Protein chains: 2
Amino acid sequence: MDASIFTIQPNAAEPIYRQLLGQLGRMIAGGQLAPGERLPSVREVAGHHAINPMTVSRAYGLAESEGLLERRRGVGMVVATQAAPAAGDQARMALLEPAARELVRQARELELPIESVLKRITSLWEG
Amino acid sequence: MDASIFTIQPNAAEPIYRQLLGQLGRMIAGGQLAPGERLPSVREVAGHHAINPMTVSRAYGLAESEGLLERRRGVGMVVATQAAPAAGDQARMALLEPAARELVRQARELELPIESVLKRITSLWEG
DNA sequence: CCAAGTGTATTGTTGTATTGATACACATGG
DNA sequence: CCATGTGTATCAATACAACAATACACTTGG
């Protein structure tokens with residue numbers, strides 16, 4: 001798998017290692033990363049995004065302790081075999097819950113009509 | 001205006017002063033806070049939420065430099081008179097854009113069907 | 001076997017951000 | 001005038017992310 005699977009924003013408020021961890025979790029749950037699949041090496045990702053290898057290692061390490069990845073000594077990281085790949089819409093939706101709640105909260109504070117919000121979401125989805 | 005207009009989550013990743021600033025901006029844009037309306041005092045908000053007064057002051061100060069609030073010496077902060085209260089849906093929607101983009105990005109990573117996402121949003125809106 | 005590739009433990013440094021404690025300047029109302 | 005209420009400037013403490021530079025244990029492929 002190429003190192004470009006990850007999208008990192010260096011200037012975002014969310015720390016880099018956490019951006020990586022979040023993407024890993026969602027891409028595994030969504031099936032874009034299948035069990036047994038090998039991940040780009042720490043140095044590969046670090047080089048491609050011009051960040052520190054240890055920052056990537058930190059994300060991988062946390063993913064491992066969450067049961068998402070398995071460490072193959074001398075080889076690299078691999079998507080855990082028992083990592084639920086195609087958890088039902090239900091389970092995957094749970095991972096979207098925080099972002100969904102936040103969106104709704106902000107929309108309420110803005111007193112926006114729900115129709116406009118849904119429309120915008122749809123537009124962003126297609127675009 | 002009561003100090004309970006703000007909702008702060010002390011354990012969230014987003015810093016408190018930024019939570020306050022965001023809510024201020026949206027509630028003013030949405031019209032829940034009308035121009036000329038007085039805000040709860042720094043100490044009031046701080047006491048109510050058990051946080052440091054300077055944290056609230058920081059949010060107020062930033063809001064002032066953004067033109068959202070006006071400082072009345074010895075009196076308190078007031079919603080700026082020239083603060084666009086009922087900017088069109090268009091303008092208010094712009095404030096929702098970051099949250100909307102993030103939601104869509106995560107939904108894509110999760111490979112969720114757009115219908116499920118819209119459904120959940122609607123459900124959260126009504127609930 | 002050994003060169004080259006894995007991840008990682010270690011130590012230290014740097015920069016930044018958040019929060020807190022205190023003291024101050026100002027305005028209002030009695 | 002002065003007690004009481006504003007906001008805030010200032011300084012300090014703390015936490016954390018990220019980087020840097022090694023060194024190490026391990027596996028694979030030649």
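Analyst: A salt bridge here needs a side-chain nitrogen of Lys or Arg within 4 Å of a carboxyl oxygen of Asp or Glu. Keep in mind that the model is predicted. The structure holds 16 salt bridges over all chains.

User: What makes B:Glu109 and A:Arg26 a salt bridge?

Analyst: Their closest N and O atoms are 2.5 Å apart. The cut-off is 4 Å, so the pair qualifies. The pair also crosses between chains: B:Glu109 is in helix H4 (residues 89-109) of chain B, and A:Arg26 is in helix H1 (residues 16-30) of chain A.

User: Why is B:Glu109 called buried?

Analyst: Its relative accessible area is 9%. Buried means under 20%, so B:Glu109 is buried. A:Arg26, at 11% relative accessibility, counts as buried too.

User: Which residues are linked with this pair in a network of salt bridges?

Analyst: The network links A:Arg26, B:Glu102, B:Arg105 and B:Glu109.

User: How do you know that B:Arg120 and A:Glu97 join two chains?

Analyst: The closest N and O atoms of B:Arg120 and A:Glu97 are 2.6 Å apart, and the two form a salt bridge. B:Arg120 lies in helix H5 (residues 114-126) of chain B and A:Glu97 in helix H4 (residues 89-109) of chain A, so the pair joins two chains. B:Arg120 has a relative accessible area of 25% and is partly exposed. A:Glu97, at 15%, counts as buried.

User: What about A:Glu64 and A:Arg71: what makes them a salt bridge, and is each one buried or exposed?

Analyst: The closest N and O atoms are 3.3 Å apart, so the pair passes the 4 Å cut-off. A:Arg71 has a relative accessible area of 56%. Exposed means over 50%, so A:Arg71 is exposed. A:Glu64, at 27%, is partly exposed.

User: How does the span of H4(B) compare with what is expected?

Analyst: H4(B) has 21 residues and reaches 29 Å from its first C-alpha to its last. The expected value is 30 Å at 1.5 Å a residue, and the span is close to it.

User: Where does H4(B) bend?

Analyst: The bend is at B:Leu96, by about 50°. A proline, B:Pro98, follows within four residues. Just after H4(B), B:Glu111 takes a positive phi of about 55°.

User: What do the buried residues of H4(B) pack against?

Analyst: They pack against H1, H4 and helix H5 (114-126) of chain A, together with helix H1 (16-30) and H5 of chain B. The buried residues include B:Leu96, B:Leu103 and B:Glu109.

Methods
Residues numbered from 1 in each chain as written. Chains lettered and ligands numbered in written order. Predicted model: local features only at pLDDT ≥ 70, side-chain atom pairs only at ≥ 80, totals over all residues. Heavy atoms only, no water. Buried < 20%, exposed > 50% of the residue type's maximum accessible area, 1.4 Å probe, protein only. Expected span 1.5 Å × (residues − 1). Bend = angle between axes of the 7 residues up to and from the residue. Contact = heavy atoms within 4.5 Å.
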